[in-house]
Amino acid sequence: MPSLVAAAAASVLTGARSLTAITEWISDVPAWACRALGFPVDPLTGTVSVPRPHTLHHLLVQLDSDALDRAIGAFLAARAAPASPALRAIAVDSKALRGSRTATTAHLTLLAAMDHAGHVLAQRQIAAKSNEIPAFQPLLYRQAHH
């Protein structure tokens, strides 16, 4: 699973904007990149085993987006410069994710807390048919407990 998440992130960084584009990118990536991303290598043939697009799609759809966001946020926070003891300003805003709308679902909207150095401190998906107000307090709670 970590290699799939890493490959999905790499595909998005190269311009993939949909699950179809992500699975196509992973299917087309060179073997050396698959090895670097952690996909298993057959010890006899040296070939890299990459899951089929249907399997990739199924696994990516099943990801817990909040858990993934917390893991990425913790990873980035551990590598950030230590915060100064002074008070800092935090901005909170929401954005609709481009390309997230489907024929059966509305677009996904994320609410994020960000400092003025450009670091995302916490992020939370806003429930469908809702707005930022109910998501604001859990967002601040998550940021305070990082």
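1. Contact means heavy atoms within 4.5 Å. With that in hand, take R101. Leaving out residues up to four places away in sequence, R101 touches A106 and H107. R101 sits in the loop between strand 1 (90-96) and strand 2 (109-115). Is R101 buried or exposed? Its relative accessibility is 58%, and exposed means over 50%, so R101 counts as exposed. L76 is 25 residues from R101 along the chain, and their C-alpha atoms are separated by 28 Å.

2. A word on confidence. This is a predicted model. The mean pLDDT of the protein chain is 79, and 91% of the residues score at least 70. Where is confidence lowest, and where is it highest? The lowest mean, 72, belongs to helix 6 (residues 132-144). The highest, 85, belongs to helix 3 (residues 31-37). Where pLDDT is low, the predicted coordinates should not be read in detail.

3. Now the overall plan. The protein chain has 6 helices and 3 strands. Read from the N terminus, the order is α-α-α-α-α-β-β-β-α. The C-alpha trace spans about 55 × 40 × 20 Å along its principal axes. The chain holds 146 residues, and 24% of them are buried. Take the contacts with a separation of 6 or more: 37% of these join residues 24 or more positions apart.

4. Next, helix 1 against helix 2. Two packed helices are described by the angle between their axes and the distance between the axes. For helix 1 and helix 2, the angle is about 105° and the axes are 9 Å apart. Angles of 65 to 115 degrees count as roughly perpendicular, so helix 1 and helix 2 are roughly perpendicular to each other. Which residues meet? Helix 1 brings L4, A7, A8, A10, S11 and V12; helix 2 brings I22, W25 and I26. The residues of this contact divide into 8 nonpolar, 1 polar and no charged.

5. Helix 2 also packs on helix 4. The axes of helix 2 (residues 19-28) and helix 4 (residues 53-62) come within 9 Å and cross at roughly 130°. That angle lies between the 115 and 145 degree limits, which means helix 2 and helix 4 are oblique to each other. Their crossing is right-handed. On the helix 2 side, the contact uses L19, I22, T23, I26 and S27. On the helix 4 side, it uses P53, L56, H57, L60 and V61. How many of these residues are nonpolar, polar or charged? The contact of helix 2 with helix 4 has 7 nonpolar, 3 polar and no charged.

6. Look at S3 in helix 1 (residues 2-13). Its relative accessibility is 12%. Buried means under 20%, so S3 counts as buried. What does S3 touch, apart from its neighbours within four places in sequence? S3 is in contact with L37, G38 and F39.

7. Finish with K95, which lies in strand 1. K95 has 54% relative accessibility and therefore counts as exposed. Setting aside residues up to four places away in sequence, K95 touches L108, T109 and L110. K95 and S11 are 84 residues apart along the chain, and their C-alpha atoms are separated by 21 Å.

Technical notes. Residues are numbered from 1 along each chain as its sequence is written. This is a predicted model: local features need pLDDT of at least 70, side-chain atom pairs count only at pLDDT 80 or more; totals for chains, interfaces and linings use all residues. Side-chain values use heavy atoms; hydrogens and water are left out. Axes are lines fitted to C-alpha atoms, for helices over the stretch in contact, and angles run from 0 to 180 degrees between N-to-C directions. Helices (H or I, at least four residues) and strands (E, at least two) are DSSP runs, numbered from the N terminus. Angles under 35 degrees count as roughly parallel, over 145 as roughly antiparallel, 65 to 115 as roughly perpendicular and the rest as oblique. A crossing is left-handed if the near helix is turned anticlockwise from the far one by less than a right angle, and right-handed if clockwise. Ala, Val, Leu, Ile, Met, Phe, Trp, Tyr, Cys and Pro count as nonpolar, Asp, Glu, Lys and Arg as charged, and the others, Gly among them, as polar. pLDDT is the predictor's confidence in each residue, from 0 to 100. Buried means under 20% relative accessible area, exposed over 50%, partly exposed in between (1.4 Å probe, protein chains only).
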